[in-house]
Every structure is written in structure tokens, then in C-alpha cells.
Amino acid sequence: MGIGYLEKEGLFRLTAGDAEYVIGIADGKYVGHVYFGRQIGDNRCGCLMRTEEAPFVPSKNLREKCSFADAFPAEYSTWGVGDYRDSCLNVRNEEGFRGCELHYEGCRILEGKPELPGLPATFCGEGEKGAGMTLELDCRDKVLGLKVTLRYSVFADSEAVIRSASLVNEGEKSLYLERALSACMDMDMEEGELLTLAGSWARERHMVRRPLAFGKQLVSSFRGESGHQDHPFLAVMGRNAGQDQGEVWAMHFVYSGNFVAEAEVSQFGSVRLLMGIHPEGFEWVLKPGETFVTPEVVCVYSDEGLGKMSRIFHDLYRGHLIRSPYLHRKRPILINNWEATYFDFDTEKLLEIAREAKQRGIEMLVMDDGWFGDRNIDEGSLGDWEVNEKKLPGGLSYLAEQVRALGMEFGIWFEPEMVSPDSKLYRARPDWAIQIPGREPVQSRAQYVLDLSRPEVVDYVYESVAGILRSAPISYVKWDMNRQMTDVGSACLGRERQGELFHRYVMGVYELQERLTREFPELLLENCASGGARFDPGMLYYSPQIWCSDDTDAVERLAIQEGTALLYPLSTMGAHVSACPNHIVGRVTPFRTRGHVAMAGTFGYELDITKLTEEEKRQVEEQVKMYHRFQPLVREGDYYRIASWGENHKYDCWQVVSKDKREALMTYVQVLAEPNWHSRKLRLKGLDPEAEYWLEEIGPEADRQAREGKTMTGKVYKGAFLMYGGLLVPRMEGDFMSKMIHFTRM
Ligand code: DGJ
């Protein structure tokens, strides 16, 4: 890792692992993108900005400044001064004029990485001197009195480059930020592919690849959350790039609200990547002396396809983003009552589930929606966080104590950001809901969103949650958020500042979770938003795990978890075994397969265990054992994708390898059985080619087969054999069958 300033050449070189990011100053003023790729280490690379080619730089050819601006590879593009591609920054002044031109003024190279006030951000790690470095480039628009500092950080153990920008009004009049994105990267690229993640409720983060084409292609959200539909991520892939080969440039946004992620192919065969807060509905008033800090963007380059890109993201998030003490701890296996009972439960029913769960080795009971106010369907009481003593006589402390007396931990569900029209809170404070005066607010799941731009609302919400946590021994909170925003108006923000509401709301959520994790440092927090609508790096800063999707069907989960694991470590993905027929798709899959798929996440159960058959309960015990054995590997290991059901429509396969390559675990799901078929050859990845590995097929079924000599257990192969030759996995009888194979280095 390093950051160097080559004054003579006007270049800044950041190195991170095998990657190099080079920024140049053109014409003494303009901050341009030179290069992001495999290290080249050549100080002459400034020519890649092409400023020596026609139409030259403005100081030599002022009459063609517009052509310069429209072709220049900007690091932070601005609106209205000759660059017609989409920009990061657009500013209006008090007189109503728009436009901004930034000129470079100076730089600082810092040890470590500054925090971003109020925002989630990657960090070096406590007391780790030399773990990271930051480059700050100061630029100014003298006409506006606006100072912009572009920030770039690198870490000693990562290949990622982290970017953000600070905008300071150093003038005497107000400025109005109409666009304030976080990063721009202009690269030469005539052909390639764009990769994004897309979906819907219950089918989040499916991978979508499409050819890069002239013009703008974007994914975005102005729903107030990152959303089910799009994900704040994009990658451009070079020709022939795939899982393990080819070049990939990716950007991921550390933010949980509105975003835009855009690729714009220009007339000159270059592509501009942009990422930041969505400008739709956004306007920020910057009074003299005020600063606006943009959330950060993680930029990753991989020369070994998507696999290496994923591993860079995983290591970065585990090493430099997730702060929870649970990051490297085994998470308790939980059982959640949502799919077991929905709203129809009471203390006795929950304890019945807990008793059976405890017997089978499950470690925590989580009580989901419906324990407060008068909430027996999803139509009321949000905001009234008082225990419903009709369902829970003796209150929460009684229930929690009973659960703890069984030797289990107790967790609880909240949806703190919401209010039901039918609630005491709404009747008392209708102005606390986000809405537009005179317009009937749009209901979604019969609820409104609380105005978290108001400090008194944040305080109320905080005390509601913290008060409950103080009242009983609660180890875990599932923090849910079940609607997107409409009628975006605040009764409190003035006329000028309504455009700040979306962002102020997100900052309110961050403040709440910051306070919560400070007061309850041992709390295990799991974020959730109607399943996985707020699965983003911003939320990971507060919670080490996020509920992946309301779709717990093992087959649907293959695509959801593949898309999620493209960026997030497996230890962050909330994954549970649920009952069949599955409540979302009605599919029936073997209990074993459901276990194998959920084992690639945080692992738990989402069913009424008292209703399982004896054989299923026995399998729960087996799964609990497997979890204890393999969880450290799944949590800390390197992830490799072997095959994708989304691509081949037949089978899925992934693998986790320990960092020291001493062990590996492969999960194979034969989604559809095929006739007249013998075995499938699967090539493993990431092993030590010279080492010998001992194979073990996992599970009681496998043990039985082993006694009959039918499994691979006991066989020994060289790493090279397994990776280059491959492993023959016999056909299994039936659809939705799965296998887990463990490899131990001898
Ligand atoms: C949506 C979540 O994703 C579910 O798991 C459940 O908690 C419900 N909300 C409860 O309303």
C-alpha cells in the first residue's frame, strides 16, 4: 500500500495490493483519471489522460475549451461548463445561476483514514498504525466560493480504493447542491459488459449482465432505501471476463438511501462510472461555513474476474467496515417464530417452540412482529411500543427470563421507523409522519414513515427501543423496515430544505443505530427491510448480519445468495431453514437441502419446530452439529463460486476455503434431476495444488452410504487433481438434492 505524489509529472499514485490507481492534474488545474488497474509503476502514465491530443488543454487552446471538457476523464465531473456527460456536482447560487468548475489547489497525504461524520464508513482498525493512508485533493470554484476535497483511501491489506468528497461553502452566500454524488471514474472502454444486481420483494439481488452500449445505463433508487429492485452497485467487465478471468471494475456505495449507479459510454469510446446519492428529489442548502460530506464509494479492480472481486469486497467488509463484536464470533443458532405463527402467538406457544428448539440444540428464540400494542394483523400499533400483556402475560421480562431459564438467549423484532395510522402515536402526533400538507399520505402495508429528520422523533424512537431493551434480558434485535417512501415532506424542515429530507432520514437511521450499538455493545443487531430491501454496506457498519430475503425457499435462495455473496461475506447473510411447502413459492424441497443452503449464511430456523416430524427433528440436530463444526470456516474463509444455477439452469455449487488452505467445504445442489446421467465433474478452486486433501461427505445419509462404500468419504486427492482434473459427483435421485463435501489437508 502506498500513496505517492510525483510533483514534476503532476501525478498521484495509489497502490493497493496488485492494483494501482493514478490521478493526474491536467493543465495545472483539472483533476483527471489516469488509470485504475494492475500495477504498472511507470511515472509517464499521465499521457493516458490524452491531454496532449487534440483539442489540447484550455491554456493552449482556449477557444476549444468545451471540447476539452467534454472529453476530459474527470475524477469529479461538474455540470454546466462544457462536460455534457452526467456529472457529480451541480450547484445553484442565490441568484439562481447553475454551474461549477473545480480547479485543483493542493493535496495532503495522511496516515490512516478520517471518519465521515454521521455516516457509515470503512476504517483502519483501532490502534493499527500504518494500516491505511488517505489522499486529499483540494479543489475550488472561486466564483461560488466552494471548496471541494476529494478523498481517496487505501488499506495495507486490501486492493480496494475508497472515495468520498467534502463540499464546503467558503463564500458569503448560500449555495444549493442539486447534485452531490460521491465519485466519478472515466475509463477507456469501447466494449464490455455491465453487471448489476436487480430484483423485487422475495427475489432480491439477481445478477444481471448486459452489453455496455452508447449512452447512459443506470440503476437507481428513490424509494428512500437502497431497495429490493436495484442495488447500489455496478461493475463493468472487459471482453470475455467471467468468474475467474478477465478484468472487472466495480463500485459499491456505502449508503442506505436513494442512489444512482450509472455507466455512460461517450462518443469517444470511454465509459464514465458515476455513483452517489440520487439527485431526484435531492437539494441541499449549504449556508456559508457549512460542509456536506458525501457517503463513500468502494472501488475495486480485479484482473481475475468476479471471483477475485468478490473476495476483495468480502475481506474489506470483514476487515474494515463491520464493527460488531460478533464479526468473528459464532452467532447463536436462532429460531424465529414469524413463519411458525405469524401474529398468532402467546407466551405459552413461544415457550413450547423454545423448549423443543432447545432440546435439538438451537440457541436463541426470536419473537417477531405482533408482540406490542394491539397488533394482531399488519394494520396497526406501529409506534406504540408497549408489550401486549394479553398475548404475553407477565410482560417481556417474564418471557425472556423463561427462555433464559431454558438455557437459550432471547431476541425481539422491532420496526422502529414506522407509525400506523391506527396507533396512539399517530393520533397524538400526525405531524411526525412524513407527508405533504393537504395531501392524503399514501399507505403501504397500512403504515407511514416517521420523520427522522426531526431530533425529537429520533429521540422518541430511540427511547422506545432502548426502553424495551433495558426492561428485559434481550440479546438480539431484528430491526425491520417494511415500506418505501412517498409524499416526501416534513412538517419541520422549512420550504428551502424539503430536498434534504431523504438524506436527513437516512442520517436519522444511522444515528439511531449508532446510539443503540453504543448503549448495548453486546447486542446482536440484524437489519431487515421486508426481507432484503436494505442489504447494503451502510447497514453493515451497524449490524454484522442482514436478513437476505423473505424468500426462504432453498431453490430461490440459490440466486439470491449468489448475488448477495458477489459482494458480501457469507457471515452477513441471514439464512434460515423454513417449513415446506414454502410459504412464498409453495415448493417442497428436502429438509437436508434447506439446511445446506442456509448453512451458507448466518443459519437458523423459521418454522414451528413442534410440528416437524421426528426424522426432521433428528436432521435439525445434525444441522446444529454441522453448523458448529463449519461455521468458523464459512464465516472467515475465502468464497469461490464453482457453478451458477442462474446460468446453467441445472445445478449450483460454491466453496469456502480457509485462509491457510487447510480445509475447504463445497456445497453442491442438483436443482433438477436429469435422466440417463451418471456423474458431474466439478472443478474445485483455491486449494493448495501441491497438498493432499482428505474428502469427507457430510451428514448421516453420507455416513450410511460410507458404510456401504458409496460416498467419497475417505478418498484422498491432490489439490491440483481436484482443481484441474475435477471431482466426479454422482447423480442423486430426485430434484433439489444436495451434498456437502469437506476437504482436509493431510
Ligand atoms: C418483514 C420481514 O422480512 C419478515 O421476516 C417479518 O419480520 C415481517 N416483516 C414481520 O412483519
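The legends below describe close-up views of one predicted model. Because this is a predicted model, local features are given only where pLDDT is at least 70 and side-chain atom pairs only at pLDDT 80 or more, whereas totals for chains, interfaces and linings use all residues. Residues are numbered from 1 along each chain as its sequence is written, and side-chain values use heavy atoms, with hydrogens and water left out.

**View 1. Domain 2 and domain 3 and the area buried between them.** The chain is divided into domain 1 (81-320), domain 2 (334-417 + 454-482 + 522-639) and domain 3 (641-745), with bounds that come from an automatic or database domain assignment. The C-alpha centres of domain 2 and domain 3 are 30 Å apart, and 25 residues of domain 2 are in contact with 27 residues of domain 3, contact meaning heavy atoms within 4.5 Å. About 2,400 Å² is buried between domain 2 and domain 3, with carbon and sulfur atoms giving 64% of that area; buried area is the accessible area (1.4 Å probe) that two parts lose on being put together, summed over both. On the side of domain 2, Leu-558, Leu-633 and Asp-638 lose the most area to domain 3, and together they make up 25% of what that side buries.

**View 2. Polar and charged pairs between domain 2 and domain 3.** There are 3 salt bridges between domain 2 and domain 3, a salt bridge being a side-chain nitrogen of Lys or Arg within 4 Å of a carboxyl oxygen of Asp or Glu. The side chains of Glu-562 and Arg-641 form a salt bridge with an N to O distance of 3.9 Å. Helices (H or I, at least four residues) and strands (E, at least two) are DSSP runs, numbered from the N terminus.

**View 3. Residues around the ligand.** The ligand is surrounded by 13 residues, of which the closest are Asp-368, Asp-369, Lys-478, Asp-480 and Asp-550; a residue is included if one of its heavy atoms lies within 4 Å of the ligand. An N or O atom in the side chain of Trp-413 is 3.1 Å from an oxygen atom of the ligand, and a polar side-chain atom of Arg-445 lies 2.9 Å from a ligand oxygen atom. Gly-531 places a backbone N or O atom 2.8 Å from an oxygen atom of the ligand.

**View 4. Two cis peptide bonds.** The peptide bond from Ala-54 to Pro-55 is cis, with omega near 10°, and Pro-55 sits in the loop between strand E4 (30-38) and helix H1 (65-71). The peptide bond from Cys-580 to Pro-581 is also cis, with omega near -5°, and Pro-581 belongs to the loop between strand E30 (577-578) and H11.

Key: Polar contact = N/O pair within 3.5 Å; in protein donor to acceptor, adjacent residues only side chain to side chain.
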